[in-house]
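Hello,

Here is the structure I promised to pass on to you. Have a look at it first, and then read on for what turned up in it.

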Amino acid sequence: MRSMRTTVLIAASFLMSALPSSGMSGFARQEQAAALREALSPAAEVYYPNAAEFETLSARWSSLAEPKVNVVAVPATEDDVVKIVQYAKRENLPILAFNGAHAAITTLGQMRGGIEIQMSQLSHVEIAQDQKTVTIGGGTSAKTVIDALWNAGKQTVTGTCECVSVLGPGLGGGHGWLQGYYGLVADQFVSMNVVLADGSLHTIDANSELWWAMKGAGHNFGIVTSLTSKIYDITRYDWAIETLIFDGDKVEDVYQAANDHLSTMPVDLINWSYWLNIPSADPNKPVILFYMIQEGVKTVSPAYTKPFRDIGPISIEEESGDYRDLARWTLVALDSAPCQKTGLANPRFPAYIKEYNVAAQKLAYEAYAAEVSGDSPFNASIFMFEAYPVQGVQAIDSSSAAFAFRDDKIATAPLITYKPTGDELDRKAADLGNRLREIVHKGTGSPELHAYINYAFGDESTESWYGYEPCRQDRLKALKKKYDPVGRFSFFAPIEKHA
C-alpha cells in the first residue's frame with residue numbers, strides 16, 4: 001500500500017498541472033492521482049515537484065524550450081507504461097517519454113504540464129538463442145547495449161553517444177559507427193512492443209502498416225517498451241584514431257582534402273570534425289578538431305592521413321583500442337561534456353550535405369569565429385561535421401522507412417551552447433544557428449533543406465524532417481490520423497506541425 005503522504009503530494013502536483021476545467025473537485029482529483037500510483041507495479045516510482053528525484057529525473061541536456069512536467073512516473077514494467085498512458089488519456093493529461101533526454105528540439109516546449117514517463121527502469125539486454133537478435137528494454141542506453149553485446153562477441157548499430165538510449169536516435173533513423181556495413185539504427189529493427197495513443201500495447205514488425213513510420217518518425221506514434229534488433233559477430237576487434245588539430249586559417253585546405261580523398265568513404269572509416277575553442281591550441285579563434293577513425297587496424301592508414309598531415313596541423317595524436325573506446329575518443333562518453341546536464345542551452349541547427357562546398361565552409365567558419373571567440377556567451381559552442389560511410393545505408397530501399405535522406409553523406413550542425421539569461425540571448429542564439437546553417441545549406445545548391453531529425457532545432461518544415469515527396473507526407477499524415485487522431489504524441493517534431 002502506498003503511503004498517504006505520497007498520495008497527497010502526487011495529487012497536489014496534479015492540482016498545479018494543466019488539467020482541463022471539468023468541474024472535478026479537488027478530492028476527486030486526489031483520488032484519481034492516487035489511483036495512478038496504486039495501479040502501477042510495486043517497483044514503479046512516482047515523483048512530484050520539489051522532490052530531489054523529480055529534479056534529477058526531469059532534467060534535460062538542453063534547457064532551451066524544455067517541456068514542463070508536473071509528475072514523473074518511472075515504470076518498472078511494460079504494463080506500467082500501458083496504465084500510465086491509459087490514465088493520462090482518461091484525465092486528458094499530456095504525456096512525454098524521457099530516455100536520455102538529449103533531444104533539444106524546441107517543439108518539446110509545447111508541453112506545458114503533464115506526465116513525464118521516465119523509461120530508465122526498462123533497461124535490459126537479452127541475446128536470442130540463435131545469436132542473431134537482441135531484445136532490449138525501451139529505456140536501455142547505447143552504452144549498456146554496446147558493452148553487453150561486446151562481452152558476447154556481438155555488435156549492432158547504435159547511436160554514437162554513450163548516454164543516449166538506443167531508441168531515441170533509432171526512432172528518427174539513427175546514425176552510428178557501423179552504419180557503413182549494416183545501415184541505420186532503425187534498419188536493425190526486427191520487432192517492437194509499442195504502447196499506442198489509446199493505451200493499448202501491440203507487438204509490431206514488418207507485417208504491420210505502422211512499421212514504416214516507426215523507422216524515422218516513430219516518436220509520433222507511441223512509446224516503445226521493448227525492441228528486438230539484429231546483431232552481428234565481431235570480426236575485427238581493433239580500432240584506431242588519428243586526431244589532428246588545425247588552425248582555422250586552414251579551413252579551405254582541410255575540406256578540399258576531405259572532398260578529394262574522403263568523398264567515397266570506405267566502410268571501415270569514419271571522419272568527424274568539430275570547430276571549437278581550444279585556447280591552448282589557439283587563444284584567439286576556434287580550431288578545427290579533425291578525427292579519422294578506422295576499424296581493423298592499430299594505426300590509421302597513411303593512405304588516409306597523409307593528405308591531411310601534409311596540410312600542416314598544429315598537433316597530431318594517435319590512439320588504438322577497440323569499439324568501446326570510440327565514444328571517449330570523440331568526446332561523447334558518459335563522462336564527457338555532452339553527457340552532462342548542467343542547465344545550459346544546447347540548440348542544434350542541422351543540415352545534411354553530400355560533399356563540402358569549400359567556399360561555404362570558409363564563409364561559415366568566418367561567421368562562426370566572429371561570434372564564438374573570446375568572451376562571447378557562445379564560446380562553448382561546437383560546429384559539428386559527421387561524415388560516415390553510407391554503403392549500408394544506401395543499400396536499403398529508401399521506401400522501406402520513413403527516414404527520407406539516405407542519399408546524403410554528411411550530417412552538419414552548429415551546436416550553440418550558452419547559459420540562458422532570457423529571451424534576447426535565446427533569439428541571438430537562434431539567429432546565429434540559423435545563419436550558419438543557411439550558409440552551409442546554400443552551399444549545396446539545393447532548395448531543399450534536409451535536417452537530421454535527432455538534431456533538429458524545431459523551426460524546420462515537416463518536409464525538412466520527413467522528406468519532400470508528397471507520398472511520404474501523405475502516408476505519415478494518414479497513419480497519424482488513424483493511430484493518434486488527437487495528437488497525444490506530438491511534442492517531438494510533430495508530423496502535423498503546420499496543419
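How far does helix 16 (residues 470-483) reach from its first C-alpha to its last? Keep in mind as you look that this is a predicted model. Helix 16 has 14 residues and spans 20 Å, close to the 20 Å expected at 1.5 Å a residue.

Arg-472, Gln-473, Leu-476, Leu-479 and Lys-480 are buried. These residues sit on the same side of helix 16, because they cover an arc of only 135° around the axis. Their packing partners are helix 8 (211-214) and helix 15 (462-466). On the face turned away from that buried side you will find the exposed residues Pro-470, Cys-471, Asp-474, Lys-481 and Lys-482. One of them, Cys-471, has a relative accessible area of 57%; exposed means over 50%, so Cys-471 qualifies.

Just after helix 5 comes Gly-153, which takes a positive phi of about 75°.

Next, the cysteines. How many disulfides does the structure hold? There is one, and it joins Cys-163 to Cys-339, with 2.1 Å from S to S. Cys-163 lies in the loop between strand 7 and helix 6 (167-170), while Cys-339 lies in the loop between helix 11 (326-329) and strand 16 (351-353), so the pair ties together parts that are 176 residues apart in sequence. The torsion about the S-S bond is about -90°, so this disulfide is left-handed. Both Cys-163 and Cys-339 are buried.

The cut-off for a disulfide is within 2.5 Å. Cys-161 has 12% relative accessibility, so it counts as buried.

One more residue deserves a click: Glu-116, in strand 4 (residues 115-118). Is Glu-116 buried or exposed? Its relative accessibility is 0%, so Glu-116 counts as buried. Leaving out residues up to four places away in sequence, Glu-116 touches Leu-57, Ser-58, Val-69, Val-71, Val-72, Ala-73, Leu-96 and Phe-98.

Finally, zoom out to the whole chain. The protein chain has 16 helices and 18 strands. Its radius of gyration is 23 Å, close to the 23 Å that the globule rule gives for 499 residues, so the chain is as compact as a globular protein of that length. The C-alpha atoms fill a box of roughly 75 × 55 × 45 Å along the principal axes. Of the 499 residues, 58% are buried. Among contacts between residues at least 6 apart in sequence, 74% join residues at least 24 apart. The accessible surface comes to about 19,600 Å², and 51% of it belongs to carbon and sulfur atoms.

Enjoy exploring!

Key:
Residues are numbered from 1 along each chain as its sequence is written. This is a predicted model: local features need pLDDT of at least 70, side-chain atom pairs count only at pLDDT 80 or more; totals for chains, interfaces and linings use all residues. Side-chain values use heavy atoms; hydrogens and water are left out. Helices (H or I, at least four residues) and strands (E, at least two) are DSSP runs, numbered from the N terminus. The expected span of a helix is 1.5 Å times one less than its number of residues. Buried means under 20% relative accessible area, exposed over 50%, partly exposed in between (1.4 Å probe, protein chains only). The arc is that of the directions from the helix axis to the C-beta atoms. Contact means heavy atoms within 4.5 Å. The radius of gyration is taken over C-alpha atoms; the globule rule is 2.2 Å times the number of residues to the power 0.38. Accessible areas come from the Shrake-Rupley method with a 1.4 Å probe; for residues, only the protein chains shown count as cover.
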